[in-house]
Amino acid sequence: MSSLVVGSTTLAAHSLSWKFHLSSGPGGTNASKVATAVELRLEVNEANLRPDVVSRLREIARSRINLRDELVIQANKHRTQDRNRRAALDRLATLLDRAQEKPKVRIATRPTGASKRARLNQKRRQSEKKQSRRFRSTDLD
């Protein structure tokens, strides 16, 4: 099985597919003759990625993954097919590198004594403020 290194990730080569079409971007007359726009598709389940990386990738690139479970990246910024292909691979590498990073585990902490006192003091002041606005029957006398 052949593989392809994208960024710091090794993917199964059969999980990537390329499509080329006419670009709407810069290029003058060239744009209407040469297929410079690139569409890169990565079959997420076929890419030989760890399950945790796949789940993070799905979270990061939620809007770019279609119903066939393909990550779709389009590049048409440059005038040449080669530069657009490199741009698409760079974006894929960035997404995969972000998905490789394990999220920092949050360590639960307790509020300090001072923060508890400050919170209770604020609640007391707010309560007193609202109490002072209250209508009392003795106010009519």
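## Reading a predicted chain, feature by feature

Modeller: From the N terminus on, the protein chain runs β-β-β-β-α-β-α-α. This is a predicted model, so local features need pLDDT of at least 70 and side-chain atom pairs count only at pLDDT 80 or more, while totals for chains, interfaces and linings use all residues. Residues are numbered from 1 along each chain as its sequence is written, and side-chain values use heavy atoms, with hydrogens and water left out.

Biologist: How many helices and strands are there in the protein chain?

Modeller: Helices (H or I, at least four residues) and strands (E, at least two) are DSSP runs, numbered from the N terminus. Here there are three helices and five strands.

Biologist: What is the radius of gyration of the protein chain, against that of a compact globule of 141 residues?

Modeller: The radius is taken over C-alpha atoms, and the globule rule is 2.2 Å times the number of residues to the power 0.38. A compact globule of 141 residues would come near 14 Å, but this chain has 28 Å. Along the principal axes, its C-alpha atoms fill a box of roughly 90 × 40 × 25 Å.

Biologist: How many of the residues count as buried?

Modeller: Buried means under 20% relative accessible area, exposed over 50%, partly exposed in between (1.4 Å probe, protein chains only). Of the 141 residues, 28% are buried.

Biologist: Which residues of helix α2 are buried?

Modeller: Start with the general pattern. An α-helix has 3.6 residues a turn, so residues three or four places apart point the same way. In α2 the buried residues are N84, A87, A88, L92, A93, L95, L96 and A99.

Biologist: What does α2 span from its first C-alpha to its last?

Modeller: The expected span of a helix is 1.5 Å times one less than its number of residues. Helix α2 covers residues 81–100, 20 residues in total. It reaches 28 Å, close to the 28 Å expected.

Biologist: Which loop holds N48?

Modeller: N48 sits between β4 (37–43) and α1 (51–60). Its phi is near 60°, a positive value in a residue other than glycine. N48 is partly exposed, at 49% relative accessible area.

Biologist: And D69: buried or exposed?

Modeller: D69 is buried, with a relative accessible area of 15%. It lies in the loop between α1 and β5 (70–75). D69 also has a positive phi, about 65°, although it is not a glycine.
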